[in-house]
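Reader: Could you walk me through the charged pairs here, with a close look at one of them?

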Amino acid sequence: MQERHRNDRIAPDSRALMRNLAPYREPSTARSVLELAITAVPFVLLWGLIWVAVDAGYWIGLLLAVPAAGFLVRLFLIQHDCGHGSFFRHRLTNDWVGRAIGVVTLTPYDYWRRAHALHHANSGNLERRGIGDIDTLTVDEFRARTPLQQLLYRLYRHPIVMFGLGPAYLFILRHRLPMGLMRSGLAPWVSAMATNMAIAILVAGIIWLVGLGPFLLVQMPITLIAASIGVWLFYVQHQFEDTFWEHDRDWSFHEAALNGSSHYDLPGILRWFTANIGVHHVHHLSSRIPYYRLPEALRNHPELQNIGRLTLLQSLKTVRLE
């Protein structure tokens with residue numbers, strides 16, 4: 001990562017934009033319930049179809065695992081909005097819907113919410129990296145590492161690890177403990193352990209109904225595909241050419257939000273499955289905007305449309321970044 005200076009960028013008045021985005025922060029309960037229903041119900045139905053396909057022809061089931069993974073990603077992004085308090089009007093509703101979804105996404109909600117809040121508060125700050133981020137070194141930091149450390153860093157950022165092995169480890173193993181917050185009191189542990197217990201009860205119940213083999217044949221492909229998509233989205237939202245990184249003395253929350261988060265301009269169907277998370281610069285600038293109102297905010301503020309814009313094809317080049 002090459003360090004860049006703030007005068008390399010020309011951007012709108014981010015503080016004024018944040019004020020102008022305030023009207024979009026009001027969620028609609030009816031819309032939120034509808035969004036949850038049209039995501040959760042198809043996921044359950046597809047899960048059942050894949051289970052049937054285990055006996056009828058498993059390759060058909062594997063094909064269905066792709067849209068099922070898409071709905072699982074969408075469930076995670078609803079959980080994400082709940083964590084920001086933006087999906088429903090009342091915190092209690094956000095929290096309990098988020099906790100319930102966290103059992104399905106294998107993500108302890110309260111622990112993740114705290115870690116993700118730290119990510120939002122410190123994104124792009126070179127002195128405050130470490131929680132909720134993809135490990136990123138400056139060029140000078142990389143050169144100061146030993147050859148072994150440089151090799152390990154390159155392996156960590158290799159596409160096979162970053163988007164294959166890493167996501168499986170993150171969601172299946174790492175989320176079982178409150179990594180990064182293990183010394184931050186009882187709350188992260190309660191969140192992780194309660195989620196683990198709920199996952200164990202849910203998995204035991206499903207295995208009792210369908211059997212261990214069919215459960216693994218259905219759930220594992222969905223989980224692995226969804227995990228890889230999720231990590232890819234998080235990666236491309238902050239790892240792109242000319243993204244914002246500054247030392248603490250020059251760091252600004254508003255500038256980091258606009259210039260350190262991409263506008264991942266995906267085709268319509270992918271925008272739907274990814275719950276508009278590609279409008280990430282607006283999300284970082286005003287995280288209380290529900291995802292279904294982000295396109296409206298972007299449409300009404302055209303000055304935001306080309307800031308950090310990446311197309312699907314352009315985003316593929318980001319895998320080479322170190």
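Is Glu35 buried or exposed?

Author: Glu35 is buried, its relative accessible area being 4%; buried here means under 20% relative accessible area, exposed over 50%, and partly exposed in between, with a 1.4 Å probe and protein chains only. Before going on, a word on the ground rules: this is a predicted model, where local features need pLDDT of at least 70, side-chain atom pairs count only at pLDDT 80 or more, and totals for chains, interfaces and linings use all residues. Residues are numbered from 1 along each chain as its sequence is written, and side-chain values use heavy atoms, leaving out hydrogens and water.

Back to Glu35: its side chain meets that of Arg74 in a salt bridge, 2.7 Å from N to O. (The rule is a side-chain nitrogen of Lys or Arg within 4 Å of a carboxyl oxygen of Asp or Glu.) The pair links distant parts of the chain, with Glu35 in helix H2 and Arg74 in helix H3, 39 residues apart. Helices are DSSP runs of H or I, at least four residues long, numbered from the N terminus. Arg74 is buried too, at 2% relative accessible area.

Now take Arg89 and Glu26, another salt bridge, whose closest N and O atoms are 3.2 Å apart. These two sit 63 residues apart, Arg89 in the loop between H3 (58-83) and H4, Glu26 in the loop between H1 (14-20) and H2 (29-56). Arg89 counts as exposed at 52% relative accessibility, while Glu26, at 44%, is partly exposed.

By this rule, the count comes to 13 salt bridges.
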